[in-house]
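Good morning, and thank you for coming.

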Amino acid sequence: MRLTPKNELEYRYRKLQVEMAAAGMDAVLMVQNADLFYFTGTVQTGVLYVPVSGRPLYLVRRDFLRARMESGLAEVVPLPSLNQLAGLIAEHGHPLPQRLGLELDVLPVNLYQKYLSLFPNAQALDASPAIRRVRMIKSHYEIHILQDAGTQADKVYRRAAEVIREGMSEVDLAAELEHLSRKEGHQGYVRMRAFNGELSSAQVLSGADAAAPACTNTALGGMGLTPAFGHGASYNRIRRDEPIIVDFASCYDGYLADQTRVFAIGSVSDRMRRGYEDMLRIEELMVECAVEGATWGGIYDACVDLARRIGYAEHFMGTPGNQVSFIGHGLGIEIDEYPFIAKGFSEDTLEVGMAFAFEPKLVFPGEGAVGIENSFYLSEQGLKRLTFSSKELVLL
């Protein structure tokens, strides 16, 4: 079990304090699990209070002893009742804030109102953009964990090539891959910040079902097992000469990497093979464009333009009416972190330390889907791969 080092946590909250000072915040309160893990090293239920200067205070509801063991922060104290929050903050030498930052993109309204009642003289500000900007630049410590997640993804890829067989269901294959990943350290859950963001780690789709649209903001949907979770792998049987998409979100010590590969038993149609090769071309273009200072939206526009020029306007990243407006997404503790290689982000630029997945995909209704996805990070020496499995279309 890897525990986040004390100096890593100090580096993170000090970066946040710089953002807070620029935004005029006196303090930030955090309660969401992904943010708690990033800034405390644990997800024990509680409230993290970060003043604009000085050490943060982690007030823990459940379980205090585990929080004390797992967190490298200096000040970790019990929180018997949420109603005691303001008093405990004052007891530890912090003036009550006048401008209080909260995670307004994820905080439920009832909790928001509760915190306002606890700090009646405070003006509530949205701290989420500042938190997400800090989290989007990965440290060397984080990159090493993401590399471990990439190694796990390669093991999943190799296992898929071993176990795929004609007649097995998509969910049978997904279960095989999830079983392996759990033994290799996957936490069994894919964190997503978006409201109602629900994903399984193994999105296994085959044949025409891979082109089925779904509720998710993703290029590929799938039928799923039930309307209660209407996307992803289903009981659809894998058949010869049809593409099999294995889109897998690997996870190690809380950090996610994303990789997609295409398999087939026998062969695939010329249209599918050519489409797959063209998606590799689009990935190559992204690699050329993804330099420090390049805009997220500029990379997106260049790749979409290439897809249109080579004839995929109606198939790239979904079918008409269901096409998503992104090709890449940030990675870390959540699978939808900054940056977004997406439409409209014309002012945001790539910076050293950013990690993201890039996933050009084609969807052909009634036939299926093909595409590639890899995870990358921008280093001082340029773009580096986090996932590294062979990019060959695997014919079994």
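Let me begin with a term: contact means heavy atoms within 4.5 Å. The model is predicted, so local features need pLDDT of at least 70 and side-chain atom pairs count only at pLDDT 80 or more, while totals for chains, interfaces and linings use all residues. Residues are numbered from 1 along each chain as its sequence is written, and side-chain values use heavy atoms, with hydrogens and water left out.

Please look at Phe316. Setting aside neighbours within four places in sequence, Phe316 is in contact with Met279, Ile282, Val304, Ala307, Gln323, Ile327, Pro360, Lys361 and Leu362. A nonpolar core is a set of buried Ala, Val, Leu, Ile, Met, Phe, Trp, Tyr and Cys residues joined through side-chain atoms within 4.5 Å; buried means under 20% relative accessible area, with a 1.4 Å probe and protein chains only. Which members of the largest nonpolar core touch the most other members? They are Phe316 and Phe358, in a core of 50 residues. A second, separate core has 33 residues, among them Met25, Leu36, Phe39 and Val76.

I turn now to the strands, which are DSSP runs of E of at least two residues, numbered from the N terminus. Strand β13 (residues 361–364) runs antiparallel to β14, and four bridges join them; two strands pair if DSSP finds at least two bridges between them. Leu362, already mentioned as a contact of Phe316, stands opposite Val370 in β14. Three residues lie between the strands of this hairpin, where Gly366 takes a positive phi near 80°. In β14 (residues 368–371), Gly368 and Val370 point one way, Ala369 and Gly371 the other, and all are buried.
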